[in-house]
Every structure is written in structure tokens, then in C-alpha cells.
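The sequence and the structure come first, and the description follows.

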Amino acid sequence: MLVKVFEVKMSKEEAYKIAQNKGSWIWRRVFSKNELTELRLLYVEYVLFNLTFLCKRSMLNKLTVKGRDDVARKGKYNEQYVKIICNGTSCRAALVDSIPKLVEIDIPQSQIQDSEFSEEELIRSAKKISIRAIHRVIGGLPQIASSTCQHIYRPFWVAYYGEMKEGNKVRYITIPADYGHTTKRGEFFKN
């Protein structure tokens, strides 16, 4: 399956060393009796939303706008652009400043974990966090003018501890294979 993914930067050997250490001291306690049985590369679906909002301009904003043409000063609404990324497994959303380099590769279906939530639920989560952020900065209640979405996949090394048979508890930890590129919770607004 040909998909866009974050670039894999961590080798299997590096992930194996982290998995052998069992992560942090908390995980070492949890996994104390279990041995590492498998290390697998898995791609988790994320959805990147580009949202455009129409915000009523405040009276102060209308009076202090400089260097714009008269049409912009008289305009009733101001456009704001926001980038949001949603995790397909937890439906958590975050504001994005920048996206790392994306690579288009062919991945077997067995290595892909698709979203567990519908696209409507992901859009709802993205709208909620973006409206909250715009409301804090500008005030008022913004209206969504348009939105586009792009499905991307983030690589994780998954380390399994314990035997994989029915009735057995198999513990696991996930290790970001893109060196933990985090999406910052900063704002991404363009005027």
C-alpha cells in the first residue's frame, strides 16, 4: 500500500537497545519478569487538517489595522489558517507549527494500523482544539470556512514482552522511529 509517512530515522539496532533497557524505570518495574520476544515496525495513522476560519474582527482590530487596503479594513470577517494533527488511535489533536519531511513508500498492510475513529470524530476533535486556540487569541466564536485533510502515517518500533498466546498478558512499549518528532502545541496562524 503506497502511503505518505514520516521518515524512519531510528534503526532496528537502536530500538532494540532501548527495548532491552525496557524504557524508563517505571517500565522496568512493570516488565521485570518478562523478556523481550519481538520487535516490530508499525505505522500508525495520523490525519493532518488544514482549517480555514472566519472570525469577526474586533473593534480594536478594525481601528488599529495599518498598511492594509480599504477593502480589508471594511471587511466584516478576518480569515485565520490553522494546521491540526490528529492521532488515529486516540483521537487526540494538537496544533502544528511544522511537519517533518514526508516520504511516499510502499508498506505491507500488516505493518499499518489504521484509525480506530471515523473521520467525523477526528474532525470534531480538530475543530474543538482550533476553536479554543483562536478564541483565546482573537475572541469571539470563529466559523469554519473550509477544511482539507491528509492521511499520513507515523512509524513506531513496538517491543513485545512475554509469549504471544491466547490468555497470556503481552506487554508492549512503543518507541517513536522518527526520533520522537513532537507536534508542538504552538499556534499556526497566518494573516
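Accessible areas come from the Shrake-Rupley method with a 1.4 Å probe, and for residues only the protein chains shown count as cover. By this method the chain exposes about 12100 Å², of which carbon and sulfur atoms supply 50%. The model is a predicted one, in which local features need pLDDT of at least 70 and side-chain atom pairs count only at pLDDT 80 or more, while totals for chains, interfaces and linings use all residues. Residues are numbered from 1 along each chain as its sequence is written, and side-chain values use heavy atoms, with hydrogens and water left out.

**Fold and burial**

Helices (H or I, at least four residues) and strands (E, at least two) are taken as DSSP runs and numbered from the N terminus. On that basis the chain has 5 helices and 8 strands, and from the N terminus on its elements run β-α-α-β-α-α-β-β-β-β-α-β-β. A residue is called buried under 20% relative accessible area, exposed over 50%, and partly exposed in between (1.4 Å probe, protein chains only); buried residues make up 33% of the 191 residues in the chain. Where contact means heavy atoms within 4.5 Å, 79% of the contacts between residues at least 6 apart in sequence join residues at least 24 apart.

**Nonpolar cores**

A nonpolar core is a set of buried Ala, Val, Leu, Ile, Met, Phe, Trp, Tyr and Cys residues joined through side-chain atoms within 4.5 Å. The largest such core holds 18 residues, and A19, W157 and A159 touch the most other members. At least two residues of this core come from each of β1 (2–6), α1 (12–20), β2 (36–56), β7 (143–161) and β8 (171–176). Apart from it lies another core, of 16 residues, which includes V47, C55, C86 and I129. Leaving aside neighbours within four places in sequence, A19 is in contact with L36, L39, A159, Y161 and I175.

S125 belongs to helix α5 (residues 119–138) and is buried, with a relative accessible area of 18%. Its side chain reaches the backbone oxygen of C91 at 2.9 Å, a polar contact in the sense of a pair of N or O atoms within 3.5 Å (within protein, one must be able to donate a hydrogen and the other to accept it, and residues adjacent in sequence count only if both atoms are side-chain atoms). Beyond its neighbours within four places in sequence, S125 is in contact with C86, C91, R92 and A93.

W27, by contrast, lies in helix α2 (residues 25–30) and is partly exposed, with a relative accessible area of 39%.

**Salt bridges**

A salt bridge requires a side-chain nitrogen of Lys or Arg within 4 Å of a carboxyl oxygen of Asp or Glu, and by this rule the count comes to 2.

| Salt bridge | N to O distance |
|---|---|
| E38 and R40 | 3.0 Å |
| D178 and R154 | 3.1 Å |

E38, at 28% relative accessibility, counts as partly exposed, as does R40 at 30%.
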